[in-house]
Amino acid sequence: MKKAGSAADEDFGWRRAWSGSAAREGVWSNIRSAEVMLLQLVSDEEAAGRASEVMALVKDHLETDDPRRVRLARRLRSIISGEISPSDRDLMVRALDAAYNALDDELARVRSLRNILWTATFLVLFGVAGLAVYGWFFPQSLSMCFTPKVDPGNAGGIDVVCPTAEHPNVPAGIPASDLAEPRDILTVEIAGLAGAALTVIASLRRIRGTDSPYMLPLASAVLKFPTGALSAFLGLLLIRGAFVPGLSDLDSRAQVLGWAAAFGAAQHLVTRLVDDRAQMTLAEVGRTTDAVVDAERAAVKESDVPGETRAPGPQAAFQDGAGPHEGAQEGTREKEPADDGADGTRARAGP
């Protein structure tokens with residue numbers, strides 16, 4: 001508890017946004033360790049009362065075929081009924097400690113993915129800003145201007161279309177790149193940001209709330225904005241290089257900005273994979289294991305433990321770890337033979 005208190009009181013200053021999450025994990029990890037230690041010290045009655053809570057945590061964070069979960073499930077009814085032995089208490093302590101360690105690992109994976117997404121967002125944003133600055137000082141080298149057609153009224157003149165301006169009837173001897181403006185790349189990137197914003201709004205319908213302490217869906221959504229700006233620039237660059245057949249020349253400034261917005265929205269084809277990975281990682285925190293999804297399969301797994309035999313009577317009636325107040329029985333109770341009568345014949349069982 002002293003370690004938890006020191007982690008909670010630690011002042012990270014400007015590093016809090018990055019390191020504060022790890023400190024939070026340290027607080028909860030030490031608190032959970034204290035709970036595990038307390039389970040070793042409480043009375044048998046209190047340990048029996050916490051057996052269902054421990055089993056619920058074990059089901060959420062340990063696999064179905066984990067030996068600690070299997071043995072605790074087989075002993076759960078006896079523990080709840082008060083028949084708890086020192087080995088049962090040790091089993092509960094080890095199972096609870098393993099469940100808490102699994103929870104810490106799950107939260108650490110969420111934090112790691114969150115940090116990766118924010119780092120990727122910063123790097124992409126840095127690249128987009130670098131392109132805008134370079135295009136501002138050297139607009140001719142990254143020209144976004146197109147020459148759609150020759151002016152019919154003047155065989156020697158051409159039309160030049162740039163993201164920020166249109167130049168009709170330009171003499172044929174002047175390269176189109178000489179008419180590029182410093183704001184061209186920045187304008188294209190802003191149009192790409194607008195297209196990316198539309199996909200962020202559309203993706204909100206797939207985002208579910210989470211009790212995780214990390215805003216992982218927000219990190220995956222923010223990544224779309226600089227990615228949209230970058231994809232808009234690259235898309236127009238491919239069109240200008242005649243990489244896309246039939247789209248080598250755009251006729252107007254509106255078409256240039258429209259295609260920039262379309263390419264900005266197209267980044268969703270790539271970032272959607274990031275969204276799926278984020279949702280999958282969040283789903284792994286406290287995931288519902290097949291003890292709940294497929295109770296019959298879990299009961300079979302937990303009852304077929306090598307080296308152990310199924311105990312008769314009530315103890316084998318709850319193979320999935322459910323106590324007498326937690327659901328229907330999944331095992332079967334062995335029938336006791338009736339006593340023989342005085343005349344050597346087997347007595348008939350009552351109704």
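Angles under 35 degrees count as roughly parallel, over 145 as roughly antiparallel, 65 to 115 as roughly perpendicular and the rest as oblique. Helices are DSSP runs of H or I with at least four residues, numbered from the N terminus. This is a predicted model, in which local features need pLDDT of at least 70 and side-chain atom pairs count only at pLDDT 80 or more, while totals for chains, interfaces and linings use all residues. Residues are numbered from 1 along each chain as its sequence is written, and side-chain values use heavy atoms, with hydrogens and water left out.

**View A. Helix α6 packs with helix α9 (residues 224-240).** The two axes lie 9 Å apart at an angle of about 40°; axes are lines fitted to C-alpha atoms, for helices over the stretch in contact, and angles run from 0 to 180 degrees between N-to-C directions. α6 and α9 are therefore oblique to each other. Look for Thr121, Val124, Leu125, Val128 and Leu131 on the α6 side, facing Pro226, Thr227, Ala229, Leu230 and Phe233 of α9; contact means heavy atoms within 4.5 Å. Eight of these residues are nonpolar, two are polar and none is charged. Here Ala, Val, Leu, Ile, Met, Phe, Trp, Tyr, Cys and Pro count as nonpolar, Asp, Glu, Lys and Arg as charged, and the others, Gly among them, as polar.

**View B. Helix α5 (residues 67-80) meets helix α6 (residues 86-137).** Their axes come within 10 Å and cross at roughly 135°, so α5 and α6 are oblique to each other. From α5 come Arg68, Arg71, Leu72, Arg75 and Ile79, and from α6 come Asp88, Leu91, Met92, Arg94, Ala95 and Ala98. By class, this contact of α5 with α6 holds six nonpolar, no polar and five charged residues.

**View C. Two aromatic pairs are found in the model.** Rings of Phe, Tyr and Trp (its six-membered ring) pair if their centres lie within 6.5 Å, with planes under 30 degrees apart counted as stacked, over 60 as edge-to-face and the rest as tilted. Tyr134 and Phe138 make a tilted pair, 5.1 Å centre to centre with 40° between the planes. Trp259 and Phe263 are also tilted, at 5.8 Å and 35°. These two residues are four apart in helix α10 (residues 253-266), so about one helical turn separates Trp259 from Phe263. Trp259 is partly exposed, with a relative accessible area of 31% (buried means under 20%, exposed over 50%, partly exposed in between, using a 1.4 Å probe and protein chains only).
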